[in-house]
Amino acid sequence: MRMKIAVLPGDGIGREVIQAAMRVLYATSEESGHKVLAEHADVGWTAVDQYGEALPPATRDICRRSEAILFGAVGLPDRDKTLPQDQRPERVALLELRKGLFANLRHIVMPAGLAHRCPLKNELITNGIDILIIRELTGGLYYGQPQGITGQAPSRRAVDTMAYSEHEIRRILKVGFESARKRRKKLASVDKANILATSQLWRETAVAMGQEYPDVHLEHIYVDNAAMQLLRRPSDFDVLVTENTFGDILSDEASMLAGSIGLVPSACLGEPDAQGSSATPFYEPIHGSAPDIAGRDKANPVGAILTVAMMLNHTFGLAKEARAIETATFAVLNEGQYLTGDLGGAAACSEVAEAIIERLRV
Ligand code: IPM
Ligand code: MG
């Protein structure tokens with residue numbers, strides 16, 4: 001198989017973690033006989049400095065003609081401050097590339113050997129933590145209209161709108177049910193149906209769809225309660241599905257359960273439109289650009305490496321190769337000899353990648 005990939009390292013540690021992840025991808029494809037056709041492109045401040053914009057046309061073109069986008073991080077807080085909110089790389093590049101990709105999968109796994117890095121007491125996590133968060137990504141407060149600030153200070157008014165159609169709810173819940181079916185068959189649907197209209201429609205839809213998936217155990221949880229239950233009984237969660245903003249917040253909370261945000265991969269997936277064309281699937285580790293440690297070979301590459309595994313699984317259907325990467329990665333984490341600073345170790349980003357490649361058996 002030939003894999004056409006747009007590689008967008010972006011800013012800060014994006015560069016080193018994507019380099020590490022690409023080394024693992026090349027090692028995997030070499031062993032399994034698949035061919036990687038990677039086109040590198042600039043994004044974020046790196047692109048602003050060269051082309052005057054965070055998502056230049058050349059980068060868009062490369063993304064459009066690729067089968068998947070492997071993305072590092074964008075944004076540098078010191079420089080972001082110099083621009084109005086709507087011109088910052090997060091908006092101009094990140095949200096732009098995610099357009100049309102309604103399903104955001106964030107996979108949170110606590111490596112058994114790193115239970116001591118999890119902030120929860122040992123007795124709460126003896127059964128392990130493996131949660132797939134599925135966040136709706138193209139609706140809700142991020143895009144609902146009207147949105148904006150009107151009037152004159154000090155009497156201005158700001159509005160955001162949370163809006164969802166049944167179609168949008170159904171297609172993300174479907175991803176939830178289908179994913180649960182492939183895992184431990186438990187789905188937690190998170191809403192605020194006691195207050196919000198969007199959530200009432202969400203819950204009604206989830207209850208109805210539950211009939212079509214009798215093999216999946218469906219639980220409905222209010223979002224505030226879910227934030228609490230994630231800390232109280234994290235091992236009980238298998239797949240969690242929720243709307244955009246709730247998912248944004250809960251996935252940051254849950255990522256800590258893995259032991260470090262540096263361990264968590266993600267995928268943004270869409271579906272073909274009526275014309276049969278679809279946005280390019282987008283893969284990124286969920287950590288940011290971490291400029292304080294950038295360029296010093298200190299960043300944790302695991303989030304980016306596991307992101308490559310998600311890409312092999314979801315875009316290229318290479319489940320065996322994806323599993324090989326995951327197995328090698330968790331072996332290194334559980335051994336505990338090659339850990340980066342965020343996990344209490346002193347290994348370099350490149351050393352972690354090296355150790356994973358050494359253990360790779362495709
Ligand atoms: C995330 C981030 C983004 C989001 C920001 C940077 C726009 O928080 O990927 O979770 O809210 O989606
Ligand atoms: Mg977020």
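Does aspartate 297 count as buried, partly exposed or exposed, and at what relative accessibility? In this predicted model, aspartate 297 counts as partly exposed because its relative accessibility is 29%. Aspartate 297 lies in the loop between E12 and H10. Its backbone deserves a look. Aspartate 297 has a positive phi of about 60 degrees although it is not a glycine.

**Backbone exceptions**

Most residues other than glycine have a negative phi, and most peptide bonds are trans. Alanine 290 also goes against the phi rule, with a positive value of about 35 degrees. Alanine 290 sits in the loop between strand E12 (282-285) and helix H10 (302-314). Its relative accessible area is 26%, so alanine 290 is partly exposed.

Two cis peptide bonds can be pointed out by name. One runs from glutamine 145 to proline 146, with omega near 0 degrees. Proline 146 belongs to strand E6. The other joins alanine 153 and proline 154, with omega about 5 degrees. Proline 154 is found in the loop between E6 and strand E7 (157-161).

**The ligand site**

| Side chain | Distance from its N or O atom to an oxygen atom of ligand 1 |
|---|---|
| Arginine 106 | 2.9 Å |
| Arginine 135 | 2.9 Å |
| Aspartate 248 | 2.9 Å |

Taken alone, ligand 1 exposes 320 Å², and the protein buries 74% of that.

**The loop between E5 and E6**

Threonine 138 lies in the loop between strand E5 (130-136) and strand E6 (144-150). Is threonine 138 buried or exposed? Threonine 138 is buried, because its relative accessible area is 19% and the cut-off for buried is under 20%. Leaving aside residues up to four places away in sequence, threonine 138 touches Arg98, Gly100, Leu101, Phe102, Tyr143, Glu168, Arg171 and Asn244.

Leucine 141 is partly exposed, with a relative accessible area of 26%. Which residues does leucine 141 touch, not counting residues up to four places away in sequence? They are Gln147, Asp160, Thr161, Met162 and Thr245.

**Serine 235**

Serine 235 occupies the loop between helix H8 (223-232) and strand E10 (239-242). Serine 235 counts as buried because its relative accessibility is 17%. Not counting residues up to four places away in sequence, serine 235 touches Leu124, Ile125, Asn127, Gly128 and Arg184.

**Domains**

The protein is divided into two parts. Domain 1 covers 1-99 + 279-362, and domain 2 covers 121-133 + 149-264. How far apart do the C-alpha centres of domain 1 and domain 2 lie? The centres are 25 Å apart. Across the boundary, 10 residues of domain 1 are in contact with 8 residues of domain 2.

Methods. Residues numbered from 1 in each chain as written. Chains lettered and ligands numbered in written order. Predicted model: local features only at pLDDT ≥ 70, side-chain atom pairs only at ≥ 80, totals over all residues. Heavy atoms only, no water. Polar contact = N/O pair within 3.5 Å; in protein donor to acceptor, adjacent residues only side chain to side chain. Areas by Shrake-Rupley, 256 points an atom, 1.4 Å probe, with all protein chains shown as cover. Helix = DSSP H or I, 4+ residues; strand = E, 2+ residues; numbered from the N terminus. Buried < 20%, exposed > 50% of the residue type's maximum accessible area, 1.4 Å probe, protein only. Contact = heavy atoms within 4.5 Å. Domains from an automatic or database assignment.
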